[in-house]
Amino acid sequence: MNSKLRIGIDFHGVITESPAFFRDFTALAFDRDYEIHIISGGPYLVERNFLDSWHIRYTQIFSLLDYFAARGQVEYFENGNFKVPDELWNKAKAEYCLQNNISIQIDD
């Protein structure tokens, strides 16, 4: 069993609220050979661009929107909003954490 610490961090409402803190936090985590997984609902490219602009380090980005869109499970609306069935959306982060042996998830 791999004992490497894997930390999940939500993007909206967590990293976006304190990007300078998470820049420093993730740098320290990488110095200790931890993995950082960004686990959030928004689009991958938006999150990646923000993280990269703030020099926030990460191992992996998991975008719920992109995950469900690839499976044809997203309904898009003319106003730019989208909807994924609640029963899928509500458990997606937990399932990702279980499948990827995430030790702790920092979320709002």
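## E35 and its neighbours

A polar contact of 3.1 Å joins the side chains of E35 and R6 (for a polar contact, two N or O atoms lie within 3.5 Å; within protein, one must be able to donate a hydrogen and the other to accept it, and residues adjacent in sequence count only if both atoms are side-chain atoms). E35 has another such link: its side chain makes a polar contact of 2.8 Å with that of H37. This is a predicted model, where local features need pLDDT of at least 70 and side-chain atom pairs count only at pLDDT 80 or more, while totals for chains, interfaces and linings use all residues. Residues are numbered from 1 along each chain as its sequence is written, and side-chain values use heavy atoms, with hydrogens and water left out.

So where does E35 sit? You'll find E35 in strand β2 (helices, H or I with at least four residues, and strands, E with at least two, are DSSP runs numbered from the N terminus). E35 is buried, at a relative accessible area of 15% (buried means under 20%, exposed over 50%, and partly exposed in between, using a 1.4 Å probe and protein chains only). Leaving aside residues up to four places away in sequence, E35 touches K4, L5, R6, I7 and T59, where contact means heavy atoms within 4.5 Å.

## Strand β2, both ways

Which of them point which way? E35, H37 and I39 go one way from β2, while I36, I38 and S40 go the other.

Four strands form an open sheet in the order β3-β2-β1-β6, with parallel pairing (two strands pair if DSSP finds at least two bridges between them). Why is one side of β3 and of β6 left without a neighbour in the sheet? β3 (60-63) and β6 (104-106) stand at the edges and each has a single partner strand, so one side of each has no neighbour there. On average, neighbouring strands of this sheet are turned by 20° against each other, direction ignored.

Let's go through the pairs. β1 (residues 6-9) and β6 run parallel and are joined by three bridges, with G8 having Q105 in β6 as its bridge partner.

How does the chain get from β2 to β3? The path goes through helix α2 (residues 44-53), and this β-α-β crossover is right-handed (with the strands pointing away from the viewer, the path from the first strand over the helix to the second runs clockwise). β1, α1 and β2 make a right-handed β-α-β unit as well.

Helix α4 (residues 86-99) packs on the sheet and touches β2 (35-40), β3 and β6. The direction of α4 makes about 160° with that of β2 (axes are lines fitted to C-alpha atoms, for helices over the stretch in contact, and angles run from 0 to 180 degrees between N-to-C directions).

The loops have a few details to look at. D33 has a phi near 65°, a positive value in a residue other than glycine. D33 belongs to the loop between α1 (19-31) and β2, and is partly exposed, with a relative accessible area of 49%. H55 isn't a glycine either, yet its phi is positive at about 60°.

P43 sits in the loop between β2 and α2 and counts as partly exposed at 33% relative accessibility. Not counting residues up to four places away in sequence, P43 touches S63, L65 and D66. P43 and I56 are 13 residues apart in sequence, and 17 Å apart in space, C-alpha to C-alpha.
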